[in-house]
Amino acid sequence: MAESTHETCEGLLGSLSDYIDGDLGAELCRQIEKHIAECEDCRIVVDTTRKTVDLVHASNDPQTGLPDDVRDRLYKRLNLDDYLKPSAK
Amino acid sequence: MVESIIQDISIESLRNGDRAEFAQLVDAYSAPIYRLGLRMLGNEQDAEDVLQNTFLSALTHLPAFEGRSSVLTWLYRIAVNEALMILRRGKPEVNIDDTDLSDDNDQISPTQFVDWGALPEDELLSSEGKQALDTAIQNLPENLRMVFLLRDIQDLSIKDTADTLNLTEANVKVRLLRARLLLREQLSYYYGERMMKEKSNG
Ligand SMILES: [Zn+2]
């Protein structure tokens, strides 16, 4: 029965990614929350897995641009030198 | 964020060989491609090779690009293939195909139950903590790491990750879960030790 899937620790693990990513329906979320309220090991696994994903996002700075020399060589290799500087012609 | 730039780039112009348009494409996507290369290969020289080869290949294959996937997904797919070629130079057994993951029910069972999630943020994100995370990511098996990088680092959807790697979405989900659980185990060892030390230091 689908309703009972998250009563086991193993069953919960299978939905862990979806749960963390917010891709799980309300009823399934409720089942997981009920389980981890009573199962300390799973509560820790859920919390620390979520934290792991958070840390990955936090340590990954999307603003990190391309180093200038790497960019220069790329544009040269692609014969795009004249587009290298955004200055108007 | 990156995806929004896509609106301004005309696939039609790209296909017709418009160099200004191509320069715009390079400008928009070179940084994420380079970062992906760095994460996949772990060194700057190889990442730069991936970056250059990706756009050279894109230039060659643009006329055949049908626009069924987004340009970014298409570029990522080229970059992943370029990176795999470099990886295989060193270890020919690198394989990210579907076939090596037949036992989908074989979960990675958690063994570490240290409750480190409540540690303060500045301790979790210390430079040493970031280093531990980087090492743990680098140590993921290749077939899990590619999925993890595209989904959790490059922020692609499950579907785009599947398209990029030619995997099924179900397979991507299985690998993503394994990768996350493996990282969690590694970080649990690391932060568990730190919590022990702090306790013993009073
Ligand atoms: Zn449990």
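1. How much area do chain A and chain B bury between them? The two chains bury about 3,900 Å², where buried area is the accessible area (1.4 Å probe) lost on putting two parts together, summed over both. Carbon and sulfur atoms carry 62% of this area.

2. This is a predicted model, in which local features need pLDDT of at least 70 and side-chain atom pairs count only at pLDDT 80 or more, while totals for chains, interfaces and linings use all residues. Residues are numbered from 1 along each chain as its sequence is written, chains are lettered from A in the order in which they are written, and side-chain values use heavy atoms, without hydrogens and water.

3. Contact (heavy atoms within 4.5 Å) joins 39 residues of chain A to 45 residues of chain B. Eight salt bridges are counted between the chains, each a side-chain nitrogen of Lys or Arg within 4 Å of a carboxyl oxygen of Asp or Glu. One of them pairs Lys173(B) with Asp18(A), whose closest N and O atoms are 3.4 Å apart.

4. On chain A, helices H1 (9-14), H2 (16-20), H4 (40-59) and H5 (68-77) each supply at least two residues of the side that touches chain B; helices here are DSSP runs (H or I) of at least four residues, numbered from the N terminus. H4(A) gives the most, with 14 residues.

5. By class, the side of chain A that touches chain B has 18 nonpolar, eleven polar and ten charged residues. Ala, Val, Leu, Ile, Met, Phe, Trp, Tyr, Cys and Pro count as nonpolar, Asp, Glu, Lys and Arg as charged, and the others, Gly among them, as polar.
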